Amino acid sequence: MWENGKDVSKPEVLVEVLKQRLKEDEAREVMAKANSPPYKQQLNDNTKEALDRGAFGCPWFLVRNSKGEEEPFFGSDRFHYMWEYLGLPWKDVQLLPPADAKAKI
């Protein structure tokens, strides 16, 4: 959706995207199941639960730490906060000088 500007809300486009990672029959199976009543109901139930827990956009994560405490995180720029909350070691992104700047140093 964001990388190539494809409208994945259109079934034929979503099938093409799925086929980049799945075999054609697997992609078609995913689409068939996505349109079946049990899966539609599960999507509705999951969406309602997320909204009831405070979700207001996507991506939205509800993270549970080792103490059993839960904390919501919104946005794809919040992973480092999630890692800290979980007590995981992580290293931030580093900007490096341009290659030609090294030659001048």
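Select Arg64 to begin: with a relative accessibility of 55%, Arg64 counts as exposed. Here, exposed means over 50% relative accessible area, buried means under 20%, and partly exposed is anything in between (1.4 Å probe, protein chains only). Before you click on, note that this is a predicted model, where local features need pLDDT of at least 70 and side-chain atom pairs count only at pLDDT 80 or more, while totals for chains, interfaces and linings use all residues. Residues are numbered from 1 along each chain as its sequence is written, and side-chain values use heavy atoms, with hydrogens and water left out.

**Stop 1: the charged network**

Glu70 is partly exposed, at 33%. How many salt bridges does the structure hold? There are eight.

**Stop 2**

Next, pick Glu29 and Lys33. Both sit in helix H2, four residues apart, or about one turn of the helix. (Helices, H or I with at least four residues, and strands, E with at least two, are DSSP runs numbered from the N terminus.) An α-helix has 3.6 residues a turn, so residues three or four places apart point the same way. The side chains of Glu29 and Lys33 form a salt bridge at 3.1 Å, N to O. Glu29 is partly exposed at 42%, and so is Lys33 at 37%.

Now move to Ser36, in the loop between helix H2 (24-34) and helix H3 (37-52). Is Ser36 buried or exposed? Ser36 counts as buried, at 19% relative accessibility. Look for the polar atom of the Ser36 side chain that lies 2.7 Å from the backbone oxygen of Lys33.

**Stop 3**

Colour H3, which has 16 residues. Just after H3, Gly54 takes a positive phi of about 110°.

H3 also gives the most to the lining of the largest pocket, with five residues. Among the lining residues are Leu43, Asn46, Phe56 and Trp60. On a 1 Å grid over the protein atoms alone, a pocket is an open set of points with protein on both sides within 12 Å along at least five of seven lines, and lining residues have an atom within 4 Å of a point.

**Stop 4: the rings**

Finish with Phe61, Phe79, Trp83 and Trp90, which ring pairs link into a cluster. Rings of Phe, Tyr and Trp (its six-membered ring) pair if their centres lie within 6.5 Å; planes under 30 degrees apart are stacked, over 60 edge-to-face, and the rest tilted. The structure holds five aromatic pairs. One of them, Phe61 with Phe79, is tilted: 5.6 Å centre to centre and 55° between the planes. This pair links distant parts of the chain, 18 residues apart, with Phe61 in strand S1 (residues 60-64) and Phe79 in helix H4 (residues 79-86). Phe61 is partly exposed at 28%, and Phe79 is partly exposed at 34%.

Key. A polar contact is a pair of N or O atoms within 3.5 Å; within protein, one must be able to donate a hydrogen and the other to accept it, and residues adjacent in sequence count only if both atoms are side-chain atoms. A salt bridge is a side-chain nitrogen of Lys or Arg within 4 Å of a carboxyl oxygen of Asp or Glu. The expected span of a helix is 1.5 Å times one less than its number of residues. On a 1 Å grid over the protein atoms alone, a cavity is a set of points where a 1.4 Å probe fits but cannot get out, and a pocket is an open set with protein on both sides within 12 Å along at least five of seven lines; lining residues have an atom within 4 Å of a point.
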